[in-house]
Structure formats: structure tokens, C-alpha cells
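Subject: Handover of a structure

Dear colleague,

Please find the structure below, together with its sequence. My notes on it follow.

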Amino acid sequence: MALEKGQSVVKEDVWIGTSCGQCYCQCGVRAHRVDGVVIRVEGNPKAAAGQGRICPKGVAGPMLLYDPYRVNYPLKRGNPKKGIGVDPQWQRISWEEAMDTIVEKLRETYKKDPRACLFQATTTQTSEIRFAVTGFMKAFGFTNYWVSGGGVHCGNGAHFMNGIMHAAWSIVPDFQHCNYVLNFGCSKGHGAGHVAVENAFQAADARARGCRTVVFDPFLSAQAAKGHEWVPIRVGTDGAAALAMINVILNELGIYDAEYIKLKTNGSYLIKPDGFYKRDPKTNKPMIWDRVEGKAKTFDDPSIVDYELLESVNVDGETCTPAFRLLKDHVKSYPPEKAEKITGVPASTLRRIAKEFAEEARIGSKIVIDGKEIPYRPVAAIFFRGAQGHVNSGWTCLSIDLLNHIVGAADTVGSSLGLGPPNSHGYPDTGKPNTVMYADDDGLMVAKGWVYDHKAYPLHEPKAPTRLDLHDMFPTSIYNCFTICSPDNEKLWQQFKIPYRPEILINFGSNSVMTNSNAEAITENYLKKFKFVFSFDIYLTEFTDAVADIVLPDCCFLERYTPAVTFPSIFSHPQGLGNWGWQIRQPVIEPMYERRDFNEIMLELAKRLGIADKYYEALNAAVPTRYGGPLNEENKLKPGEDYTWQEICDRLIRDRFGPDKGLEYAKKDGVITWPKKVDEIYWKWFLNVRVPIYFEFFPVGREKVKKIAEQFGAGDMLDWSRLKALPDWYPCPTHMYDGTEYDLYPFYWRAVMHTNSLTMQNPWLDEIAQQDPYAYTIQIHTETAKKKGLQDLDWVWLENPEGHRVKGQVRLTEGIEPQHLAIAACAGHWTPFQPIAKGKGVFFNDLVEADLAHTDPHPVHAVRGS
Amino acid sequence: MKVCPTQATQQRSDGIVTVDKDLCVGCKYCAIACPYGARNFVEKWTSYFGDDQPLSPLEEYGKKKWIEKFGEGTSTKCDFCVERVEKGLKPACIPGCPANARYFGDLDDPESEVSRLIKTERGFQLAPEFGTNPRVYYLSPR
């Protein structure tokens, strides 16, 4: 090749397969490195996650890698004062000094009471959390854990209910076969949410194929704009709309999938007048009524001819009613006219959409795929943030999902599918990762480890609390934040006799000052109570500035090893037919400056504290549930050994794929793939498991938690009555405000170019956010603005009844229900150490109250206000 | 093309309009004349993190590539990534779109995918009244 003058010779030109880490979707990517400089990140065509496509966040990865504002050296706080607005006076220190200080502090607490530690992590780097956090917590001996996404950004109620109903983290339509999607406040298939890129592709194809999309949302979201119908709805009322539509389908149209309800749910189980199952005295199994033989039998009796679903029967002198009949009668209290008053959606619209949905479900139809005849139900009711980001989120999500279950449209062809899928038979050579759901003694589905902390059923056994967030006592809790951020937390700790107080907070990448709720409240009421805070970060954040004592310069996702990124399969795999892909992360460049990987440092800390063996033991113990199947003896981490992080990565990969397929093998493409099977994806009719449509176990949990609360004199701390067997809609505190001064409902939505609070510092992403009229502004209806005398781009203060306020610029639009204000992303940074992010957008979370009054009494998690 | 005083703007035989950075004098006539707002005048390549920060290796690389292709003080426009097209690749936005919403091909070939889509999906050009016959077509919503 002839060289032009001034052109240099390229010495190195390589592509490296790895995984994106700009959000939790973790698409497969490949990085292009030329002469030691990473110049481009693009999709890895070999990866199942993305299949060669990535979003702008992924493309912008190199800007994060080379950002001059990254933390490059260990820092210590020079100013002993902590709090928001305090100058931390960061001073550069050596790694040696940082590690010595941390080890000394950890030693002191280890001797005093190891339980007094808390690990706080970020959802953006979920695959990293699973090693160091798990290993260190168990080895050191503490259970206090908090994930920052668990604040306003998280889906506690959604994940919990999806765990019970689909053994999965999330649900997504089977875009490949679905004909009618009902969406409640989510953007699945439209740029945001789980499997974002692949879903966008699948949803676009579905749309071209003629799949109808109906979107319930207070504003004209990207999805609503692309949908066939936008149904504006009052924020926080989706549950009422769903229950009314179930009522229409069951009681006005009389449509339901009887076969599904009999064989795949507990709808036939007999319920006694006290609300609990009628159980067989010999086996303790729930009983059903065989309508042909006219007698009660255990639910799994092979002699059952047909199940009674509708009529009450007399068994042993007690009137027992099939659970389905109770549900059917229960939803009669949601006539569409009543729902119209709650939701603002006309009763006629609810009736029409319910009819369209039920009819398109094509109950009774089947389809042949790959030689297997499978029930075909091409409808899906889907939800995420919008339905779940309010009080009563669990029941709201469940009410929406019940629309699927009454017509049999769950985990079969065309229907709502548990994302993952949660059912995996493993790599052909090894049979791992293997995870298959099974039935408990009551016949209900138990998910294995795939759903991680959100393993929802059976409920965990309530115990007298030992955690700072009292998590142990709430049977339906995933993460509690408001009990710990509440101004009364000291009172609660005394009342529940928590024997220690916060000592050390270890932070992995979370910016909880911004991602939880009101910043001042969480900082003053909680974070400042820790005596020593050390934090792994790529940027200095509002969290580090307010409370961190030492900041360690972490590697970013392009600089580290992670042995398993797309498993447990909760975020990354597109649904439907295609490939499984086990992705790893590998450095596409040696870490620059003094950046070091979080997992390597936590391993080193364990070694220096003398708890490495326990650390290994904890990792060994976590593998079978999280990564599908036990470790072979030779791959277990052995006590007394001095493993490097890469050796640990290698063992896990070799164990899952065979002795010759370890880390080096996985590094070739960054991914190992094999085909998904039809019965893994559409597992509903291939597995003998049922899901509940009557939640008998919630009242069982309620009685236990009430007893514990009463034991500590706190019987009235929450409204326990919401822990019950059938869903209801309850108003949020905001709906109950009866004054006139506060007249609008602000709500939060996810802008596709940003992830939580992480990406505003990325200049490329910031640039596209600035070109979006709504990413950094407050959307207000034109008429509402006119009444208030506001013009486009006017600056306003938004204030809540508690007196908290945030500032922002308004954008006038017709695309919002006039009572609402829409605010995007977790923006509004103020740290001087992120100058690109600083001052951009609106800090919505500052309006979210963190106290018991705004705590969700149930279901499902004692967390979250509205 | 008409307003360009130096003939920096040229149309290739395949229809792609390019700007020769060495001929462009930065008069911006084209930016004013373009009915589509497709022209951008770039006075100087600027860093992403402010002048007080040294350029990162990525920015150094990007700057070099930018100046090689577009120069400074010149007018720029989409040229369908002509350097990729010459290598037989498609413009970067085609594989970059997650939903495969974009297509690239030969309009002169009536059998090509783009020609077929324009026919079957009711393709249209923006602002045809200007008579520019742009080579970008939009497909009607389905």
C-alpha cells in the first residue's frame, strides 16, 4: 500500500468481543482498538444479546473510557464534615494507604460486630455485583444490602410479581408471534427497558407484521407515539383499569381459558370461608372439586375427570368455593364506570379494549412450531416502570398480568413471556446452566435462582429483624429503603431491638444521594450515620462528595473481567426463538492510570482480612442457583488457595462449558452460544407447574409479620390488610391530597439515551439528550401552561406538599394528560466533578418522600412512596 | 451545488453529493441555500471536555479523522459515508439502526431493495417542490 505523506503505519488493529455495561441490558459488543486506542464500540454479531446491534449508549462507551473526569487515583476526604454541598477536599493518596486504612476500619468492625456493615451497589453493573458483593457479605458476616436501582428506578413490585407468575424478572410480549399488545407505562420494544435493542428490532418487525399496540400512559411516550392507540390515564391508577377490564372479560363477556385455569393455575382450588385452602387432612394438599364424580380430591389426584371452577360445594360441612369464582366475583367491584372515575379512561374505552384483547387471545387455538403443537395466545398485557413506580405496585402489576392469565396468554406462543427465559436446559455438551421451575407441595411454581433476590415464591419466612431495613420480617419485601431513610429510623431500630448501629458502608458505583428519594433526607437520616464509607467509582458523584471517606478508582466495563454477564438470564436475552449466549467481559485495553477492578480489590480485602476461605465458600455456594447447577468438585474454589480473579473467572466458565472451554476460550468471541429450544421458551405446557390467581399465601405471611410486629409493640406500623388473597387498587398518598394548592401530578419516565444517573456525563449522550426537546425539561400540557401563564422554556419551581422543590424548564406539549407533568431520567447533577452532567435536566427524585407515611404497606414490599 | 463559488460541492456519477474540503472556502452559501438544513459549517474541531483538558487518545484520533475528511472552516453534509461505500460497505447509520429502519442501495436499479420498497411502501421525498430530487426517500407509515 502506498503511503501518503504524513500518514502513519498502523501497527495494531484488533477487535475484541466483550459486553456493554452502559445499562443492565449488557448487549454483546466488540471494541475496535487501533494502536492502543479504543476507537469504536459496535454490536457483536455473534452475541445473542443484540445480535450485532447496539444503542447510542453502547456506541458512546469509549467516551466513558477516556473521560478526563474519571477517578484515576485513590482519594481521601480532606474535610471531616459530611453532607450535601460540603466541599470534600479530595486528596490523592496511594493504593497502599487506601487499602491499609480500609483494612484497619474493617478489622475494627469485624471484631466489634460485623453485622454493622452495608453493601450498596448499582444496578448498571449487575453481573459484577454477584461475585464480590455476595462473597464479601457472607465471608464478613453481614446481611445489610441495598441496590441503588432499588429506589425510584427499580421494579420491586414488578419483579416480585413476575417471579411468582412467570419465574422471571420481567415480562415481554412474544413479539415474534403476538398480535395485540396492551402496554401500561413501559417502553419495552421502544428503546428502553430490558433487552432494549433487540426488543426494538423485534417490536418493529411485529408492527410491520400488523401487531396492534395499545398504550396506557399519562403521556405520549415513544411507545405511545408509535402505538396504534394512546389511552391517557391518571398516573398510579393502572391497576384499577386492569381490574375493570378483567371484570368486563369475565363477567360481561364471559370469556376465559377454562383449560388453562384448571390445569395451569390454582383457580380450581377450594377456598374455605376463612379464605384459606381446603386441605386434605391426610396429605395437607389443597383440594379441588371433581364436577363429574361430585367429590373433593387433592389437586394432583390422577383420577380427576373435570375441575369445578364456578360453583360452591360442601366439603366436610364447610362451604368451599373455587378460587376462580372468588376472583370472578371480586372483580365485580370494578365496573368500568367506577374505573373511569379513578383513571380518567372512559368506561366505553375500557370495555372496547377488553373485548379486543379477549377476542384476539383466540382461546383454544394451537400452533405447530418445530414439530410441537403448542397453545397459541397472541396477546400480551405488559407493564413496567409506570405501573410499578407507585404505592401498591405489586397489586397493580399483578392486576395487569392477570389479564394474561385469565385468557391463558402466559409463557406460550404469542403471549406474555417471562424474560430470560427462566427455563434453561443448558449447553449441549455439559447440560449447564440448567434451571427448570418445579412445583411445591401446593402445586405452585417455584423459580430457581434465575430471579436472584426477587425469588418470590414461596415467600421467605418472616423473622424478628436483624437488618437495618427490617427486611427480614417482611415476607414480601425485596429491598426496603424507606424504613432506613425515614427520619424515625433510630426509633424503629430501638423498637425492633436492632443490636448494632451503622458502621461501615461499602459502595460499588451507586449514587444513592440521587437515585433513591429526597437527597437531603437520605443523606442526613441515613448515609451520614455510617462512621466510615469507602466507595468504588468511575466518577466522583453527589454520593461520594456528601459522605465518602475514601474513593477507589474502579475500572469501567471496558477494562475488567467478568465471567458471566448474561447469566443469570434476567436482562439480556431476547425472547422467542434464537440463541442462548453466555457473554463475558474482558478488558479491551489495560486499565489506565491507577484504576483497578472492583472484584480484584474485594478479593484482596478478603485475603488481607483472613476471610478468603469463607469468601470462596460463599462463591461456591452461590453458583448452583445463580448459574444453573452445582459446580464439579474439581472446579470448586478450595480453602487455603491464593486465587487470582481471572482464575476464579476461568473456573466458573470451564465448569459450565467443559474442561477445554475456560476463560481463554470465551475470550475469543466474548460469547459462547447455543440454540434455544422451543420447550425452553414456551414452557407453560411442557412443565407441570401452576401459578396462583388467588394468593392464599399472602394472608399466611400477613399473620406471621403481624405477630412479629406486635411482639415489638409495632402492630400498627403499616396497614397489613393489603396483604390479602385478591388484588385491589388503592390510591397513592398523592391521590388523597384534598387541598387546591398542589394541583398537578409529576411523574418520572426513562429517556432512552440515559441510564439512571450514570450517563449524563457522557458528552455524546448529553448531546443527543440536548437535541431531544423533553429529555432535560418538564413536559406540561399547553392548556395547563396557558392557565398558569407559562410559556415554552420558562423556568419553574415544582413543589410538593412536604415543601421539597426542584427547578426546571417547561416544554409545552399536547402529548400529555393535562393534570400531569412528565420529567425524564435521573438528572439534575450538581457535583463539580461531572461538568458535562452538572445542571442538566431535572432532579425528580428530590420530590420523592422517604418516610413511613409514603411506604408501601403491601403488597409486596415495604418500600416506595408516590 | 449551484451556489458553490468554488465547485467544492460536486455530484458524483452515482448521485452522491460531496464537499471537497480543499476547495471549500467556508462561505456558507450552501448552508443558507439548502432547503433541508442538511449543511453544517464547522469552524473548528472542538474537544468534548473543554479547553482546559488535554485531548484524550480517542479525541486525538477523532480529530485527526475529522480533519482528514472534512477539514476545518468548511461546510459538511451527509455523504452516505462515501469512504465506506467505496469499500462496498453500507453507510454507518444502516447497520447502526437497532430496528433496521434504514436501507441503502441503488436507485437506478429498479429491482434493488430500495427501489422495490419505494414502490411497495409508498416512498416519498421531502420538499419535492424545490426540484432537488434528493436521494433520500421516506417510507409511509404502515
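The model is predicted. I begin with the interface: 16 residues of chain A are in contact with 13 residues of chain B. On the side of chain A that touches chain B, strand 3 (37-43), helix 2 (61-65) and helix 6 (196-209) of chain A each supply at least two residues. Helix 6 of chain A gives the largest share, five residues. By residue class, that side of chain A divides into 15 nonpolar residues, no polar residues and one charged residue.

Overall form of chain A

Chain A contains 27 helices and 32 strands. Its C-alpha atoms fill a box of roughly 85 × 70 × 70 Å, taken along the principal axes. The radius of gyration of chain A is 27 Å, which agrees with the value near 29 Å that a compact globule of 866 residues would have. Of the 866 residues of chain A, 61% count as buried. If one takes the contacts in chain A with a separation of 6 or more, 71% of them are between residues 24 or more positions apart.

Domains of chain A

Chain A is divided into domain 1 (75-148 + 459-678), domain 2 (170-418) and domain 3 (745-854). The centres of domain 2 and domain 3 of chain A, taken over C-alpha atoms, are separated by 34 Å. The contact between these two domains takes 14 residues from domain 2 of chain A and 13 residues from domain 3 of chain A. The side of domain 2 of chain A that touches domain 3 of chain A is made up of seven nonpolar, five polar and two charged residues.

Local features of the backbone

P421(A) lies in the loop between strand 20 (416-418) and strand 21 (438-439) of chain A. P568(A) is found in the loop between strand 25 (550-553) and strand 26 of chain A.

Positive phi values occur at R362(A) and at N133(B), neither of which is a glycine. For R362(A), phi is near 50 degrees, and the residue sits in the loop between helix 12 (347-360) and strand 17 (366-369) of chain A. R362(A) is buried, because 20 other C-beta atoms lie within 10 Å. For N133(B), phi is about 45 degrees, and its place is in the loop between strand 5 (123-124) and strand 6 (138-139) of chain B. N133(B) counts as exposed, because it has 8 C-beta neighbours inside 10 Å.

A further loop residue

E590(A) belongs to the loop between strand 26 (579-583) and helix 20 (598-608) of chain A. There are 9 other C-beta atoms within 10 Å of E590(A), so this residue is exposed. E590(A) and C555(A) are 35 residues apart in sequence, and the distance between them in space is 9.6 Å, C-alpha to C-alpha.

Yours sincerely

Notes. Residues numbered from 1 in each chain as written. Chains lettered and ligands numbered in written order. Predicted model: local features only at pLDDT ≥ 70, side-chain atom pairs only at ≥ 80, totals over all residues. Contact = placed C-beta atoms within 7 Å. Helix = DSSP H or I, 4+ residues; strand = E, 2+ residues; numbered from the N terminus. Nonpolar A, V, L, I, M, F, W, Y, C, P; charged D, E, K, R; others polar. Rg over C-alpha atoms; globule rule 2.2 N^0.38 Å. Buried ≥ 20, exposed ≤ 12 C-beta atoms within 10 Å, placed from the backbone. Domains from an automatic or database assignment.
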